[in-house]
Amino acid sequence: NQSSVPGLFKAKLAAEPGFVRFADGLDTPVLLYNGTNPVIEANEGDKVEINFENRIPGEPTTIHWHGMPVPADQDGNPMDPVASGGERLYAFGLPEGSAASYWFHPHPHGLTAEQVYRGLAGIFLVKPKNDPIPPEYGDTVLMLTDLRIAPDGTMPENTMADLMNGRVGDHVLVNGQKNPAMAVALGEKRRLRLYNATNARFLRLRFENADMTVIGTDGGLIEAPVAVNELLLTPAERVELIVSFDKPGEARLTTLDYERGWMGPGKPNEAGLTLLTANVSDEMMAAMPPLPATLRSIESLGAPAITRRFVLTESMGGMDDGSMSMSSGNMEMKFLINGASFDMNRIDEVSKVGQVELWEIANEADMDHPFHVHGTQFQIIEHEKEGTVSAPPYRAWKDTVNVAAGETVRIVLRQDLPGPRMYHCHILEHEQLGMMGTIDIQ
Ligand code: C2O
Ligand code: CU
Ligand code: CU
């Protein structure tokens, strides 16, 4: 399905119904791209042409290139649906410096959350011309998803808790498998790209019996490696790690508890899950090349010309006696940005190509909301909570940042291409219930 003339990357993608066989021989109907969750690999400088076909019966869809600097009319916005049975070409370039761990998923108006939890998502790796990471470390994608399956093998409908908190599945999968095994040699270093491709699960992760070093974020490599004991990966975020396996036996990628402001009963078990098990041999392998001390430089975007403020709130309309009711399709629960619910026919903000902006995202709601901007990468300047301001530990390119309840996050960004861009909470049920806006770049 992929062909490569140097400098031109062409592929065909079809969104289509399929099955996954998960438990006890039950076939679960899902949606897939080309029957799978594909991993696309292209190079910086390539021109990309993707022929897309929507084979989902009765539903429009789009492909949104999450995090990628593609033109607005190629970015699968909700206002550019591909009808069921329809086709379109997505064409864009991959500029110098754009190498990173991107992904893609549908973005049709009102259907994004459901199409993603039913399975539609893929990985888009852009490789750099010169990679500072030793090739001996390999390059492994770990796509984290979660799945909920009823006893009859079907996927249950959303509950009220799913709409409030986002739909969190019961089984966390890595590349479609539960707790897959990975064989490594003692002393081996591996490059792992972790993707939180769930609708709504907060993943606070650590590696037991192995050492983690962050080398990259949503928008590619950071400036220098940073050793960490744990990390929080909220929906849509990615991290690139070097994991050093210096102890024989089992090394496990596990989860820790995280307080994300869960509303109501039914908080899923977030702690103590084993997502992946590495079996480390007890024979020491020949020494691997060291990780370079510097990876690349990330320039500052310079002084912002303007500041915009985005206030995130929740409105739980239909509540009378404290109980929730969802009256015959009349959804009262709303997730708002600056008091407004998403309207596809409204432009919320207007900006200019190339203008450096400071965005202040204030979460005045009771739960965390991972905030995402289309079409560009931003830099986090600071987090502020209860009067305490903290700068991030390193400079990085990001397209999604968790804004914890009660917190204000300041980011700096610039859009280099004209057209409408979405910004939204990446808990996809919140996006669907209105926590999204449109900024038109002119
Ligand atoms: Cu992955 Cu509009 O986002
Ligand atoms: Cu996006
Ligand atoms: Cu949210």
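**Close-up views of a predicted model**

View 1. In strand E9, Leu125 is the bridge partner of Ser101. The model is predicted: local features need pLDDT of at least 70, side-chain atom pairs count only at pLDDT 80 or more, and totals for chains, interfaces and linings use all residues. Residues are numbered from 1 along each chain as its sequence is written, while chains are lettered from A and ligands numbered from 1 in the order in which they are written. E8 and E9 run antiparallel and are joined by five bridges. Helices (H or I, at least four residues) and strands (E, at least two) are DSSP runs, numbered from the N terminus. Two strands pair if DSSP finds at least two bridges between them.

**View 2. Both faces of E8 are covered.** Ala100, Tyr102 and Phe104 lie on one side. Ser101, Trp103 and His105 lie on the other. In a regular strand the side chains alternate between the two faces of the sheet. Six of the six residues of E8 are buried (20 or more other C-beta atoms within 10 Å of a residue's own; exposed means 12 or fewer, partly exposed in between; C-beta atoms are placed from the backbone).

**View 3. E8 and E9 belong to an open four-stranded sheet.** The strand order is E4-E9-E8-E6, with mixed pairing. Strand E4 (39–43) and strand E6 (64–66) are the edges; each has a single partner strand, so one side of each is left without a neighbour in the sheet. E6 pairs with E8 in the antiparallel sense, over three bridges. Here Trp65 has Phe104 of E8 as its bridge partner.

View 4. Lys127 in E9 stands opposite Asn43. Ile40 and Ala42 make up the covered face of E4. Val39, Glu41 and Asn43 make up the uncovered face.

**View 5. A second open sheet holds six strands.** Its order is E22-E21-E24-E29-E26-E27, and the pairing is mixed. Strand E21 (residues 306–316) and strand E24 (residues 357–363) run parallel and share seven bridges. Phe310 has Ile361 in E24 as its bridge partner.

**View 6. Domain 1 touches domain 2.** The assignment gives domain 1 (2–127), domain 2 (135–284) and domain 3 (306–441); such bounds come from an automatic or database domain assignment. The centres of domain 1 and domain 2, taken over C-alpha atoms, are 22 Å apart. Domain 1 gives 21 residues to the contact and domain 2 gives 20 residues. Two residues are in contact if their C-beta atoms, placed from the backbone, lie within 7 Å. On the domain 1 side, strand E3 (27–33), strand E8 (100–105) and helix H1 (112–117) each supply at least two residues.

**View 7. The setting of these close-ups is the protein chain.** Its secondary structure comes to three helices and 31 strands. The C-alpha trace spans about 65 × 55 × 50 Å along its principal axes. Of the 442 residues, 42% count as buried. Among contacts with a separation of 6 or more, 78% come from residues 24 or more positions apart.
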